[in-house]
Amino acid sequence: MQGSKRVDIAIKESESEFVRHIPCENPDCGSSDANSLYDDGHTHCFACGTTVQPDSTSEQPKQAMLKSPLPQGLITGVYQDLVKRKLNKEVCRKFGYFKAMHKGESVQVANYVGKDGTVVAQKLRTRDKGFSILGDAKKMSLFGSHLWGKGKMLVICEGELDTISAHVCLGKYHAATVGIPNGSNSAVRAIKDNYDYVSGFDKCVICFDADDAGRKAAMEAAQMLPVGKAFISHLPMKDINDCLVAGKSAAVVSAIFEAKEYRPDSIVAAADLRSVIGQDDAASSIRYPYDQLNAITGGIRRGELVTITAGSGMGKTTLVREIAYKLHQSGEKLGLLCLEETNKRTLLGLVGTHLSKNITVDRSQSTPEEIEATFDELFPEDRQVYLYDHFGSCDIDTIIQRISFMVKALGVTVVVLDHISILVSGLATNDERKLIDIAMTRLRTEVVQELGVALIIVSHLRRPSGDKGFEGGEKPTLQSLRGSHSIAQLSDMCLSMAVPSETPDSDTRILSVLKNRWSGQTGWAGNIQFNRDTGRLVEEGSEF
(Lines give C-alpha, C1' and ligand atoms only; values in the text may rest on other atoms or scores of the structure.)
Protein backbone atom coordinates (compact mmCIF):
# COMPACT_ATOMS: atom_id res chain seq x y z
CA MET A 1 0.00 0.00 0.00
CA GLN A 2 1.26 3.42 -0.84
CA GLY A 3 1.17 6.02 1.89
CA SER A 4 0.74 3.35 4.53
CA LYS A 5 2.73 2.71 7.68
CA ARG A 6 3.87 -0.74 8.75
CA VAL A 7 3.67 -1.69 12.45
CA ASP A 8 4.69 -5.13 13.70
CA ILE A 9 1.83 -5.61 16.14
CA ALA A 10 -1.23 -7.84 16.02
CA ILE A 11 -4.85 -6.87 15.68
CA LYS A 12 -7.27 -7.51 18.52
CA GLU A 13 -11.03 -7.57 17.96
CA SER A 14 -12.27 -4.37 16.39
CA GLU A 15 -15.32 -2.96 14.68
CA SER A 16 -13.78 -3.54 11.24
CA GLU A 17 -15.08 -6.39 9.09
CA PHE A 18 -13.00 -8.95 7.21
CA VAL A 19 -13.10 -8.54 3.40
CA ARG A 20 -10.77 -11.15 1.84
CA HIS A 21 -7.38 -12.83 2.04
CA ILE A 22 -4.50 -11.24 0.09
CA PRO A 23 -0.73 -11.84 -0.26
CA CYS A 24 1.48 -10.47 2.53
CA GLU A 25 3.57 -7.39 1.64
CA ASN A 26 6.28 -8.22 4.16
CA PRO A 27 9.24 -9.44 2.06
CA ASP A 28 10.40 -11.61 4.95
CA CYS A 29 7.11 -13.49 4.97
CA GLY A 30 5.91 -14.13 1.43
CA SER A 31 2.62 -15.79 2.42
CA SER A 32 0.16 -15.87 -0.48
CA ASP A 33 -3.05 -15.87 1.58
CA ALA A 34 -2.37 -15.38 5.31
CA ASN A 35 -2.76 -11.59 5.00
CA SER A 36 -6.30 -10.35 5.76
CA LEU A 37 -7.86 -7.16 4.35
CA TYR A 38 -10.48 -5.35 6.46
CA ASP A 39 -13.11 -2.81 5.42
CA ASP A 40 -11.37 0.10 7.18
CA GLY A 41 -8.34 -0.35 4.94
CA HIS A 42 -5.94 -2.02 7.38
CA THR A 43 -4.40 -5.44 6.79
CA HIS A 44 -3.05 -8.03 9.17
CA CYS A 45 -0.96 -11.08 8.32
CA PHE A 46 -1.60 -14.05 10.58
CA ALA A 47 1.59 -15.71 9.39
CA CYS A 48 4.17 -13.07 10.34
CA GLY A 49 2.07 -10.79 12.55
CA THR A 50 2.60 -7.68 10.39
CA THR A 51 -0.18 -5.06 10.49
CA VAL A 52 -0.45 -2.24 7.95
CA GLN A 53 -2.58 0.78 8.85
CA PRO A 54 -3.97 3.20 6.20
CA ASP A 55 -2.53 6.72 6.25
CA SER A 56 -4.42 9.73 7.60
CA THR A 57 -5.74 10.63 4.12
CA SER A 58 -7.61 7.36 3.78
CA GLU A 59 -11.34 7.61 3.22
CA GLN A 60 -11.81 4.93 5.91
CA PRO A 61 -11.78 6.77 9.29
CA LYS A 62 -12.05 3.77 11.65
CA GLN A 63 -8.95 2.82 13.64
CA ALA A 64 -8.27 -0.78 14.65
CA MET A 65 -7.82 -1.64 18.33
CA LEU A 66 -4.29 -2.90 18.88
CA LYS A 67 -2.73 -5.31 21.32
CA SER A 68 0.88 -5.93 22.20
CA PRO A 69 3.13 -7.94 19.89
CA LEU A 70 4.05 -11.52 20.66
CA PRO A 71 6.20 -11.78 23.79
CA GLN A 72 9.89 -12.20 23.16
CA GLY A 73 10.85 -15.75 22.27
CA LEU A 74 7.53 -16.70 20.63
CA ILE A 75 7.37 -17.43 16.92
CA THR A 76 5.08 -16.84 13.94
CA GLY A 77 4.23 -19.12 11.05
CA VAL A 78 1.66 -19.97 8.40
CA TYR A 79 -1.85 -21.35 8.74
CA GLN A 80 -2.26 -24.28 6.38
CA ASP A 81 -4.61 -27.17 5.76
CA LEU A 82 -3.55 -30.21 7.76
CA VAL A 83 -4.52 -32.67 5.04
CA LYS A 84 -3.66 -35.87 6.86
CA ARG A 85 -5.63 -34.66 9.88
CA LYS A 86 -8.58 -33.44 7.77
CA LEU A 87 -8.38 -30.01 9.40
CA ASN A 88 -8.58 -26.94 7.16
CA LYS A 89 -6.60 -23.78 7.75
CA GLU A 90 -9.68 -21.76 8.79
CA VAL A 91 -10.41 -23.92 11.82
CA CYS A 92 -6.67 -23.99 12.59
CA ARG A 93 -6.66 -20.18 12.47
CA LYS A 94 -9.64 -20.07 14.82
CA PHE A 95 -7.77 -22.06 17.45
CA GLY A 96 -4.33 -20.58 16.74
CA TYR A 97 -2.64 -23.73 15.39
CA PHE A 98 -0.07 -23.21 12.61
CA LYS A 99 3.15 -24.43 11.00
CA ALA A 100 6.51 -22.75 11.51
CA MET A 101 10.27 -23.24 11.48
CA HIS A 102 12.10 -23.45 14.79
CA LYS A 103 15.84 -24.02 15.07
CA GLY A 104 15.91 -25.26 11.50
CA GLU A 105 13.13 -27.81 12.04
CA SER A 106 9.54 -27.78 10.80
CA VAL A 107 7.09 -27.74 13.74
CA GLN A 108 3.41 -27.37 14.43
CA VAL A 109 2.62 -24.62 16.93
CA ALA A 110 -0.36 -24.23 19.28
CA ASN A 111 -0.96 -20.77 20.72
CA TYR A 112 -2.07 -20.59 24.35
CA VAL A 113 -3.97 -17.35 24.97
CA GLY A 114 -4.26 -15.62 28.34
CA LYS A 115 -7.29 -13.91 29.88
CA ASP A 116 -6.28 -10.56 28.37
CA GLY A 117 -6.37 -11.97 24.84
CA THR A 118 -2.61 -12.14 24.33
CA VAL A 119 -0.56 -15.22 23.53
CA VAL A 120 1.31 -16.25 26.70
CA ALA A 121 2.93 -19.49 25.53
CA GLN A 122 3.29 -21.81 22.55
CA LYS A 123 3.44 -25.59 22.47
CA LEU A 124 5.65 -26.97 19.69
CA ARG A 125 5.20 -30.41 18.13
CA THR A 126 7.94 -31.92 15.96
CA ARG A 127 7.56 -34.56 13.25
CA ASP A 128 8.64 -37.31 15.67
CA LYS A 129 6.05 -36.18 18.27
CA GLY A 130 8.53 -34.34 20.44
CA PHE A 131 7.05 -31.48 22.46
CA SER A 132 8.47 -28.27 23.91
CA ILE A 133 7.11 -25.03 25.32
CA LEU A 134 7.98 -21.45 24.39
CA GLY A 135 6.93 -18.56 26.62
CA ASP A 136 5.49 -18.71 30.14
CA ALA A 137 4.32 -22.30 30.74
CA LYS A 138 2.88 -21.34 34.14
CA LYS A 139 0.29 -19.13 32.43
CA MET A 140 -0.96 -21.88 30.10
CA SER A 141 -4.68 -22.46 30.55
CA LEU A 142 -6.80 -25.03 28.72
CA PHE A 143 -6.12 -24.90 24.99
CA GLY A 144 -8.93 -23.03 23.22
CA SER A 145 -10.54 -21.80 26.45
CA HIS A 146 -10.25 -18.17 25.27
CA LEU A 147 -12.85 -18.95 22.59
CA TRP A 148 -15.67 -19.94 24.94
CA GLY A 149 -17.45 -18.38 27.89
CA LYS A 150 -19.62 -20.23 30.38
CA GLY A 151 -22.33 -22.39 28.85
CA LYS A 152 -24.24 -25.64 28.84
CA MET A 153 -21.54 -28.11 27.79
CA LEU A 154 -17.75 -28.21 27.79
CA VAL A 155 -15.84 -30.98 26.00
CA ILE A 156 -12.40 -31.55 27.54
CA CYS A 157 -9.99 -33.26 25.16
CA GLU A 158 -6.53 -34.74 25.60
CA GLY A 159 -4.60 -32.47 23.22
CA GLU A 160 -4.70 -29.62 20.74
CA LEU A 161 -5.43 -31.64 17.56
CA ASP A 162 -8.20 -33.57 19.30
CA THR A 163 -9.65 -30.28 20.58
CA ILE A 164 -9.83 -28.84 17.06
CA SER A 165 -11.12 -32.16 15.70
CA ALA A 166 -13.90 -32.29 18.29
CA HIS A 167 -14.98 -28.79 17.23
CA VAL A 168 -15.13 -29.95 13.60
CA CYS A 169 -17.05 -33.12 14.45
CA LEU A 170 -19.61 -31.27 16.57
CA GLY A 171 -20.26 -28.77 13.79
CA LYS A 172 -23.72 -27.26 14.24
CA TYR A 173 -23.91 -28.27 17.90
CA HIS A 174 -21.50 -25.44 18.85
CA ALA A 175 -20.26 -27.04 22.07
CA ALA A 176 -17.16 -25.54 23.68
CA THR A 177 -14.06 -27.69 23.17
CA VAL A 178 -10.80 -27.30 25.10
CA GLY A 179 -7.64 -29.34 25.54
CA ILE A 180 -5.34 -30.41 28.38
CA PRO A 181 -2.03 -28.58 27.81
CA ASN A 182 0.40 -31.39 28.65
CA GLY A 183 -1.33 -34.67 27.96
CA SER A 184 -3.45 -36.94 30.11
CA ASN A 185 -0.89 -37.06 32.92
CA SER A 186 -1.51 -33.35 33.54
CA ALA A 187 -5.31 -33.64 33.57
CA VAL A 188 -5.81 -33.34 37.34
CA ARG A 189 -3.48 -30.34 37.63
CA ALA A 190 -5.11 -28.68 34.61
CA ILE A 191 -8.60 -29.08 36.15
CA LYS A 192 -7.35 -27.68 39.47
CA ASP A 193 -5.71 -24.69 37.80
CA ASN A 194 -8.85 -23.94 35.75
CA TYR A 195 -11.48 -25.04 38.27
CA ASP A 196 -13.54 -21.84 38.15
CA TYR A 197 -13.64 -22.00 34.36
CA VAL A 198 -14.71 -25.64 33.96
CA SER A 199 -17.22 -25.50 36.82
CA GLY A 200 -18.92 -22.59 35.04
CA PHE A 201 -20.40 -25.07 32.55
CA ASP A 202 -23.50 -27.12 33.30
CA LYS A 203 -21.94 -30.30 31.93
CA CYS A 204 -18.29 -31.29 31.42
CA VAL A 205 -17.66 -34.20 29.04
CA ILE A 206 -14.20 -35.74 29.32
CA CYS A 207 -13.20 -37.15 25.94
CA PHE A 208 -9.71 -38.59 26.38
CA ASP A 209 -7.93 -41.28 24.34
CA ALA A 210 -9.51 -44.74 24.40
CA ASP A 211 -6.44 -46.42 25.91
CA ASP A 212 -5.55 -47.42 29.47
CA ALA A 213 -3.75 -44.13 30.20
CA GLY A 214 -6.63 -42.08 28.79
CA ARG A 215 -9.30 -43.99 30.71
CA LYS A 216 -7.34 -43.72 33.96
CA ALA A 217 -6.78 -39.99 33.46
CA ALA A 218 -10.48 -39.47 32.65
CA MET A 219 -11.52 -41.06 35.94
CA GLU A 220 -9.02 -38.96 37.90
CA ALA A 221 -10.11 -35.75 36.14
CA ALA A 222 -13.80 -36.53 36.75
CA GLN A 223 -13.13 -36.77 40.49
CA MET A 224 -11.92 -33.16 40.46
CA LEU A 225 -15.15 -31.81 38.97
CA PRO A 226 -18.28 -30.85 40.93
CA VAL A 227 -20.60 -33.78 41.62
CA GLY A 228 -23.16 -34.17 38.83
CA LYS A 229 -21.19 -32.21 36.22
CA ALA A 230 -18.62 -34.81 35.13
CA PHE A 231 -19.37 -37.13 32.20
CA ILE A 232 -16.98 -39.60 30.55
CA SER A 233 -17.27 -40.50 26.84
CA HIS A 234 -16.16 -43.72 25.14
CA LEU A 235 -14.69 -43.32 21.65
CA PRO A 236 -14.93 -46.04 18.97
CA MET A 237 -11.27 -45.43 17.99
CA LYS A 238 -8.13 -44.37 19.84
CA ASP A 239 -8.74 -40.61 19.71
CA ILE A 240 -11.02 -37.97 18.23
CA ASN A 241 -8.81 -37.11 15.26
CA ASP A 242 -8.57 -40.79 14.29
CA CYS A 243 -12.38 -40.82 14.19
CA LEU A 244 -12.48 -37.65 12.09
CA VAL A 245 -9.96 -39.01 9.58
CA ALA A 246 -11.89 -42.30 9.35
CA GLY A 247 -15.12 -40.44 8.59
CA LYS A 248 -16.68 -41.23 11.96
CA SER A 249 -17.59 -37.70 13.05
CA ALA A 250 -21.12 -38.84 13.88
CA ALA A 251 -19.69 -41.46 16.23
CA VAL A 252 -17.76 -38.72 18.06
CA VAL A 253 -20.94 -36.67 18.45
CA SER A 254 -22.77 -39.72 19.80
CA ALA A 255 -19.94 -40.50 22.21
CA ILE A 256 -20.06 -36.95 23.55
CA PHE A 257 -23.84 -36.66 23.92
CA GLU A 258 -24.22 -40.20 25.25
CA ALA A 259 -21.38 -39.85 27.77
CA LYS A 260 -22.17 -41.45 31.11
CA GLU A 261 -22.32 -39.35 34.25
CA TYR A 262 -19.43 -40.06 36.57
CA ARG A 263 -20.33 -41.12 40.08
CA PRO A 264 -17.80 -42.09 42.77
CA ASP A 265 -17.66 -45.82 43.43
CA SER A 266 -19.05 -46.04 46.96
CA ILE A 267 -19.80 -49.78 47.24
CA VAL A 268 -17.08 -51.86 48.87
CA ALA A 269 -16.86 -55.44 50.08
CA ALA A 270 -16.03 -56.19 53.69
CA ALA A 271 -12.81 -57.88 52.56
CA ASP A 272 -11.61 -54.56 51.14
CA LEU A 273 -11.46 -53.12 54.66
CA ARG A 274 -9.47 -55.92 56.31
CA SER A 275 -6.20 -53.97 56.18
CA VAL A 276 -7.66 -51.05 58.13
CA ILE A 277 -10.10 -52.75 60.49
CA GLY A 278 -7.47 -53.16 63.22
CA GLN A 279 -6.30 -49.54 63.10
CA ASP A 280 -7.35 -47.28 65.97
CA ASP A 281 -8.84 -44.13 64.48
CA ALA A 282 -10.93 -43.09 67.48
CA ALA A 283 -8.77 -40.13 68.39
CA SER A 284 -7.89 -37.47 65.82
CA SER A 285 -4.61 -35.65 65.35
CA ILE A 286 -6.63 -32.47 64.68
CA ARG A 287 -7.07 -31.00 68.15
CA TYR A 288 -9.05 -28.21 69.76
CA PRO A 289 -7.10 -25.63 71.81
CA TYR A 290 -8.72 -26.92 75.05
CA ASP A 291 -7.71 -30.15 76.82
CA GLN A 292 -11.06 -30.95 78.45
CA LEU A 293 -12.88 -30.49 75.15
CA ASN A 294 -10.40 -32.82 73.43
CA ALA A 295 -10.87 -35.41 76.17
CA ILE A 296 -14.61 -35.61 75.47
CA THR A 297 -14.65 -35.17 71.69
CA GLY A 298 -11.39 -36.87 70.72
CA GLY A 299 -10.53 -33.86 68.58
CA ILE A 300 -11.81 -32.98 65.11
CA ARG A 301 -12.07 -35.68 62.43
CA ARG A 302 -12.07 -35.18 58.68
CA GLY A 303 -15.43 -36.07 57.25
CA GLU A 304 -17.08 -34.61 60.37
CA LEU A 305 -19.51 -31.69 60.69
CA VAL A 306 -19.11 -29.64 63.89
CA THR A 307 -21.64 -26.98 64.93
CA ILE A 308 -20.69 -24.27 67.44
CA THR A 309 -23.36 -22.11 69.07
CA ALA A 310 -23.74 -19.49 71.82
CA GLY A 311 -25.87 -16.51 72.75
CA SER A 312 -25.40 -13.11 71.18
CA GLY A 313 -22.21 -11.28 72.19
CA MET A 314 -20.69 -14.22 74.07
CA GLY A 315 -17.66 -14.53 71.82
CA LYS A 316 -18.53 -17.14 69.17
CA THR A 317 -16.20 -15.42 66.69
CA THR A 318 -13.39 -15.32 69.25
CA LEU A 319 -13.88 -19.03 70.02
CA VAL A 320 -13.83 -19.92 66.33
CA ARG A 321 -10.72 -17.75 65.89
CA GLU A 322 -8.94 -19.63 68.72
CA ILE A 323 -9.81 -22.96 67.07
CA ALA A 324 -8.70 -21.71 63.64
CA TYR A 325 -5.42 -20.41 65.07
CA LYS A 326 -4.73 -23.74 66.79
CA LEU A 327 -5.42 -25.68 63.59
CA HIS A 328 -3.26 -23.36 61.49
CA GLN A 329 -0.37 -23.66 63.94
CA SER A 330 -0.79 -27.45 63.84
CA GLY A 331 -0.24 -27.50 60.08
CA GLU A 332 -3.82 -27.92 58.87
CA LYS A 333 -4.78 -26.08 55.67
CA LEU A 334 -7.71 -23.81 56.51
CA GLY A 335 -10.51 -22.39 54.44
CA LEU A 336 -12.26 -19.51 56.23
CA LEU A 337 -15.66 -18.21 55.18
CA CYS A 338 -16.41 -15.59 57.84
CA LEU A 339 -19.52 -13.99 56.42
CA GLU A 340 -20.08 -11.43 59.20
CA GLU A 341 -16.72 -9.69 58.96
CA THR A 342 -14.23 -8.58 56.34
CA ASN A 343 -11.28 -10.75 55.41
CA LYS A 344 -9.01 -8.00 56.72
CA ARG A 345 -10.60 -8.23 60.17
CA THR A 346 -10.40 -12.02 60.10
CA LEU A 347 -6.66 -11.94 59.39
CA LEU A 348 -6.10 -9.12 61.88
CA GLY A 349 -7.83 -11.25 64.53
CA LEU A 350 -5.50 -14.18 63.81
CA VAL A 351 -2.48 -11.90 63.98
CA GLY A 352 -3.75 -10.52 67.31
CA THR A 353 -4.23 -14.07 68.60
CA HIS A 354 -0.62 -14.86 67.70
CA LEU A 355 0.55 -11.69 69.49
CA SER A 356 -1.89 -12.16 72.39
CA LYS A 357 -3.03 -8.58 71.82
CA ASN A 358 -6.60 -7.45 71.27
CA ILE A 359 -5.74 -5.38 68.17
CA THR A 360 -9.16 -5.79 66.56
CA VAL A 361 -10.47 -3.57 69.37
CA ASP A 362 -7.40 -1.48 70.23
CA ARG A 363 -4.93 -1.03 67.37
CA SER A 364 -2.65 1.05 69.59
CA GLN A 365 -1.43 -2.18 71.24
CA SER A 366 0.76 -2.85 68.19
CA THR A 367 2.55 -0.79 65.57
CA PRO A 368 1.85 -1.35 61.87
CA GLU A 369 5.39 -2.69 61.52
CA GLU A 370 4.82 -5.27 64.28
CA ILE A 371 1.52 -6.34 62.72
CA GLU A 372 3.09 -6.77 59.28
CA ALA A 373 6.07 -8.68 60.68
CA THR A 374 3.75 -11.00 62.62
CA PHE A 375 1.61 -11.48 59.51
CA ASP A 376 4.69 -12.59 57.55
CA GLU A 377 5.65 -14.96 60.36
CA LEU A 378 2.16 -16.42 60.65
CA PHE A 379 1.45 -16.77 56.93
CA PRO A 380 4.65 -17.65 55.05
CA GLU A 381 4.39 -18.61 51.38
CA ASP A 382 4.13 -22.32 52.16
CA ARG A 383 1.61 -22.00 55.02
CA GLN A 384 -1.37 -19.99 53.87
CA VAL A 385 -4.99 -19.80 54.93
CA TYR A 386 -7.61 -19.28 52.24
CA LEU A 387 -10.52 -16.87 52.61
CA TYR A 388 -13.67 -16.24 50.59
CA ASP A 389 -14.36 -12.70 49.39
CA HIS A 390 -18.03 -12.94 50.34
CA PHE A 391 -19.03 -9.50 49.13
CA GLY A 392 -19.58 -11.10 45.73
CA SER A 393 -22.20 -13.72 46.62
CA CYS A 394 -23.28 -15.75 49.65
CA ASP A 395 -25.80 -18.12 48.04
CA ILE A 396 -25.46 -21.81 48.85
CA ASP A 397 -24.46 -22.81 45.28
CA THR A 398 -21.55 -20.36 45.25
CA ILE A 399 -20.45 -21.25 48.78
CA ILE A 400 -20.32 -24.99 48.01
CA GLN A 401 -18.49 -24.34 44.75
CA ARG A 402 -15.87 -22.21 46.51
CA ILE A 403 -15.42 -24.76 49.30
CA SER A 404 -15.00 -27.47 46.67
CA PHE A 405 -12.32 -25.36 44.96
CA MET A 406 -10.52 -24.82 48.28
CA VAL A 407 -10.45 -28.54 48.99
CA LYS A 408 -9.71 -29.93 45.52
CA ALA A 409 -7.42 -27.24 44.12
CA LEU A 410 -5.79 -25.81 47.25
CA GLY A 411 -5.63 -28.87 49.51
CA VAL A 412 -7.74 -27.42 52.35
CA THR A 413 -8.49 -29.95 55.11
CA VAL A 414 -10.67 -27.91 57.52
CA VAL A 415 -13.32 -25.36 56.52
CA VAL A 416 -14.91 -22.83 58.90
CA LEU A 417 -18.28 -21.31 57.95
CA ASP A 418 -19.43 -18.45 60.18
CA HIS A 419 -22.40 -18.52 60.12
CA ILE A 420 -25.21 -20.68 58.66
CA SER A 421 -28.04 -18.14 59.10
CA ILE A 422 -26.43 -15.43 56.97
CA LEU A 423 -26.06 -18.00 54.20
CA VAL A 424 -29.83 -18.02 53.69
CA SER A 425 -30.71 -14.51 54.87
CA GLY A 426 -30.52 -12.94 51.42
CA LEU A 427 -32.84 -15.37 49.64
CA ALA A 428 -36.27 -14.27 48.51
CA THR A 429 -38.34 -16.21 51.05
CA ASN A 430 -39.15 -15.97 54.74
CA ASP A 431 -39.05 -19.73 55.34
CA GLU A 432 -35.70 -19.78 57.16
CA ARG A 433 -36.27 -23.28 58.50
CA LYS A 434 -36.70 -24.78 55.04
CA LEU A 435 -33.72 -22.89 53.63
CA ILE A 436 -31.47 -24.04 56.48
CA ASP A 437 -32.69 -27.62 55.91
CA ILE A 438 -31.60 -27.41 52.28
CA ALA A 439 -28.29 -25.72 53.10
CA MET A 440 -27.38 -28.19 55.85
CA THR A 441 -28.26 -31.19 53.69
CA ARG A 442 -26.08 -29.95 50.85
CA LEU A 443 -23.21 -29.05 53.18
CA ARG A 444 -23.43 -32.50 54.73
CA THR A 445 -23.55 -34.45 51.46
CA GLU A 446 -21.60 -32.28 48.98
CA VAL A 447 -18.92 -30.96 51.34
CA VAL A 448 -18.43 -33.25 54.34
CA GLN A 449 -19.17 -36.61 52.72
CA GLU A 450 -18.11 -36.05 49.11
CA LEU A 451 -14.98 -34.05 49.89
CA GLY A 452 -14.03 -35.73 53.18
CA VAL A 453 -13.25 -32.39 54.81
CA ALA A 454 -13.83 -31.29 58.42
CA LEU A 455 -16.49 -28.57 58.38
CA ILE A 456 -17.03 -26.26 61.37
CA ILE A 457 -20.16 -24.11 61.17
CA VAL A 458 -21.47 -21.45 63.55
CA SER A 459 -25.18 -21.31 64.35
CA HIS A 460 -27.24 -18.77 66.26
CA LEU A 461 -29.69 -19.66 69.01
CA ARG A 462 -33.42 -19.02 68.95
CA ARG A 463 -34.80 -16.65 71.59
CA PRO A 464 -35.67 -18.62 74.77
CA SER A 465 -39.17 -18.52 76.23
CA GLY A 466 -38.15 -17.27 79.69
CA ASP A 467 -36.96 -13.84 80.82
CA LYS A 468 -33.46 -14.98 81.68
CA GLY A 469 -32.09 -15.41 78.18
CA PHE A 470 -28.80 -17.00 77.17
CA GLU A 471 -26.95 -13.79 78.01
CA GLY A 472 -28.34 -14.12 81.56
CA GLY A 473 -27.15 -17.66 82.11
CA GLU A 474 -29.74 -19.83 80.29
CA LYS A 475 -28.10 -23.06 79.14
CA PRO A 476 -28.36 -23.90 75.39
CA THR A 477 -29.76 -27.26 74.29
CA LEU A 478 -30.08 -28.90 70.86
CA GLN A 479 -33.63 -27.57 70.71
CA SER A 480 -32.25 -24.04 71.13
CA LEU A 481 -30.54 -24.03 67.72
CA ARG A 482 -32.14 -21.42 65.52
CA GLY A 483 -34.04 -22.16 62.37
CA SER A 484 -34.08 -25.91 61.82
CA HIS A 485 -33.74 -29.24 63.60
CA SER A 486 -31.54 -30.37 60.69
CA ILE A 487 -28.61 -28.50 62.24
CA ALA A 488 -28.64 -30.88 65.20
CA GLN A 489 -29.61 -33.94 63.16
CA LEU A 490 -26.90 -33.59 60.51
CA SER A 491 -24.08 -32.50 62.81
CA ASP A 492 -21.64 -35.03 64.20
CA MET A 493 -20.68 -32.75 67.05
CA CYS A 494 -22.54 -29.80 68.63
CA LEU A 495 -20.66 -27.52 71.01
CA SER A 496 -22.11 -24.66 73.02
CA MET A 497 -20.67 -21.79 75.02
CA ALA A 498 -22.57 -20.15 77.90
CA VAL A 499 -22.05 -17.72 80.79
CA PRO A 500 -22.38 -18.85 84.43
CA SER A 501 -25.95 -18.36 85.64
CA GLU A 502 -24.75 -16.92 88.97
CA THR A 503 -22.26 -14.45 87.41
CA PRO A 504 -23.51 -13.76 83.88
CA ASP A 505 -21.46 -10.54 83.61
CA SER A 506 -18.16 -12.30 84.26
CA ASP A 507 -15.60 -13.17 81.59
CA THR A 508 -15.95 -16.90 82.25
CA ARG A 509 -17.44 -19.08 79.52
CA ILE A 510 -18.71 -22.63 80.02
CA LEU A 511 -18.08 -25.10 77.20
CA SER A 512 -20.53 -27.97 76.75
CA VAL A 513 -20.92 -30.82 74.28
CA LEU A 514 -24.59 -31.07 73.27
CA LYS A 515 -24.15 -33.90 70.76
CA ASN A 516 -21.29 -36.35 70.26
CA ARG A 517 -21.75 -38.92 67.51
CA TRP A 518 -18.20 -40.18 68.06
CA SER A 519 -18.54 -41.48 71.65
CA GLY A 520 -21.94 -40.34 72.88
CA GLN A 521 -20.41 -38.47 75.82
CA THR A 522 -21.98 -35.06 76.37
CA GLY A 523 -22.07 -32.38 79.06
CA TRP A 524 -19.53 -30.02 80.61
CA ALA A 525 -16.32 -29.67 78.57
CA GLY A 526 -14.37 -27.17 80.65
CA ASN A 527 -14.38 -23.48 81.53
CA ILE A 528 -12.53 -20.91 79.47
CA GLN A 529 -11.70 -17.34 80.41
CA PHE A 530 -11.83 -14.26 78.17
CA ASN A 531 -8.94 -11.85 78.69
CA ARG A 532 -9.99 -8.37 77.56
CA ASP A 533 -6.40 -7.16 77.21
CA THR A 534 -5.16 -10.02 75.05
CA GLY A 535 -8.46 -10.83 73.36
CA ARG A 536 -7.83 -14.53 74.06
CA LEU A 537 -10.12 -17.30 75.33
CA VAL A 538 -7.92 -19.48 77.54
CA GLU A 539 -8.77 -22.67 79.41
CA GLU A 540 -8.91 -22.04 83.17
CA GLY A 541 -5.72 -23.18 84.86
CA SER A 542 -3.63 -23.00 81.67
CA GLU A 543 -0.99 -20.51 80.58
CA PHE A 544 0.04 -19.23 77.17
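Me: How are helices α11 and α12 oriented to each other?
Reply: Two packed helices are described by the angle between their axes and the distance between the axes. In this predicted model, helix α11 (residues 343-355) and helix α12 (residues 368-378) pack at about 90°, with axes 10 Å apart. They are therefore roughly perpendicular to each other. Angles of 65 to 115 degrees count as roughly perpendicular, under 35 as roughly parallel, over 145 as roughly antiparallel and the rest as oblique. Axes are lines fitted to C-alpha atoms, for helices over the stretch in contact, and angles run from 0 to 180 degrees between N-to-C directions. Helices (H or I, at least four residues) and strands (E, at least two) are DSSP runs, numbered from the N terminus.

Me: Which residues make the contact of α11 and α12?
Reply: Contact means heavy atoms within 4.5 Å. From α11 come Leu347, Leu348, Leu350, Val351, His354 and Leu355, and from α12 come Glu370, Ile371, Thr374, Phe375, Glu377 and Leu378.

Me: What rules apply to the residues and atoms used?
Reply: Residues are numbered from 1 along each chain as its sequence is written, and side-chain values use heavy atoms, with hydrogens and water left out. As the model is predicted, local features need pLDDT of at least 70 and side-chain atom pairs count only at pLDDT 80 or more, while totals for chains, interfaces and linings use all residues.

Me: Which residues of helix α7 are buried?
Reply: Buried means under 20% relative accessible area, exposed over 50%, and partly exposed in between (1.4 Å probe, protein chains only). In α7 (residues 249-257) the buried residues are Val252, Val253, Ala255 and Ile256. They cover an arc of only 160° around the axis, which puts them on the same side of α7. The arc is that of the directions from the helix axis to the C-beta atoms. These buried residues pack against β10 (153-157), α2 (160-170), β12 (203-207) and α6 (240-245).

Me: What is the strand order in the open sheet of four strands?
Reply: Two strands pair if DSSP finds at least two bridges between them. The order is β6-β7-β8-β9, with antiparallel pairing. β6 (97-102) and β9 (131-135) each have a single partner strand, so one side of each is left without a neighbour in the sheet. Strand β8 (residues 119-125) is joined to β9 by five bridges, and Leu124 has Ser132 in β9 as its bridge partner.

Me: How many strands are in the open sheet with mixed pairing?
Reply: That sheet has nine strands, in the order β17-β16-β18-β19-β15-β20-β21-β22-β23. Its edge strands are β17 (386-387) and β23 (536-539). β18 (residues 414-418) and β19 (residues 454-459) pair in the parallel sense over five bridges.
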